Amino acid sequence: MHDNASAIDLIRAVIAATGLSNSRFAVTLGYDPTNISKILNAHQAVTAALAHSLSRRYGVDAEDLLARQSRSQLASAAERAQPNEAPSG
């Protein structure tokens, strides 16, 4: 996985590697499929507990996963903080 891949990209890659549906994947982790769907659609953040479950079950580096999420959140915050450029004219 590329260093610039997001936490969501990494989770999607793990799901693809398992060959499971998103719902079945969620069940293997003991999570409600709705929660995994919210994470995959960027409506909910990856929790430390989920990162730990992914680490234990699928060998994902939990710290790396959470760091990827933090980088993505910081980039989004920086974009929102940018003042709107006025059209030149």
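Helices are DSSP runs of at least four residues, numbered from the N terminus. By that rule S53 lies in helix 4. The model described here is predicted.

The secondary structure of the protein comprises five helices and zero strands. Read from the N terminus, the order of elements is α-α-α-α-α. The protein has 89 residues, and 26% of them count as buried.

Confidence was considered next. The mean pLDDT of the protein is 90. A value of 70 or more is reached by 89% of the residues. Among the elements, helix 4 has the highest mean pLDDT, at 97. The lowest mean, 90, belongs to helix 5, which spans residues 62–81. Where pLDDT is low, predicted coordinates should not be read in detail.

Helix 2 covers residues 22–29, and helix 4 covers residues 48–58. The two pack at an angle of about 90°. Their axes are 10 Å apart. Helix 2 is therefore roughly perpendicular to helix 4, since angles of 65 to 115 degrees fall in that class. On the helix 2 side, the residues in contact are F25, T28 and L29. On the helix 4 side, they are L50, S53, L54, R57 and Y58. By class, this contact has five nonpolar, two polar and one charged residues.

S53 belongs to this contact between helix 2 and helix 4. Its relative accessibility is 8%, so S53 counts as buried, the limit being under 20%. Beyond its neighbours within four places in sequence, S53 is in contact with L29, Y31 and Y58.

The loop between helix 3 and helix 4 holds two residues of interest. Helix 3 itself runs over 33–40. A42 is found in this loop. A42 has a positive phi of about 60°, although A42 is not a glycine. A42 counts as exposed because its relative accessibility is 57%, and the class begins over 50%. Q44 is found in the loop between helix 3 and helix 4 as well. At 30% relative accessibility, Q44 counts as partly exposed. With neighbours within four places in sequence left aside, Q44 is in contact with N35, K38 and I39.

Helix 5 contains R68. The relative accessibility of R68 is 6%, so this residue counts as buried. The side chain of R68 makes a polar contact with the side chain of D64, at 2.7 Å. R68 was also compared in position with D9. The two are 59 residues apart in sequence. In space, R68 and D9 are 9.6 Å apart, C-alpha to C-alpha.

Q69 is also placed in helix 5. Q69 is buried, because its relative accessible area is 12%. Not counting residues up to four places away in sequence, Q69 touches A7, A45 and V46.

How values were computed
Residues numbered from 1 in each chain as written. Predicted model: local features only at pLDDT ≥ 70, side-chain atom pairs only at ≥ 80, totals over all residues. Heavy atoms only, no water. Axes fitted to C-alpha atoms, helices over the stretch in contact; angles between N-to-C directions. Parallel < 35°, antiparallel > 145°, perpendicular 65-115°, else oblique. Contact = heavy atoms within 4.5 Å. Nonpolar A, V, L, I, M, F, W, Y, C, P; charged D, E, K, R; others polar. Buried < 20%, exposed > 50% of the residue type's maximum accessible area, 1.4 Å probe, protein only. pLDDT = per-residue confidence, 0-100. Polar contact = N/O pair within 3.5 Å; in protein donor to acceptor, adjacent residues only side chain to side chain.
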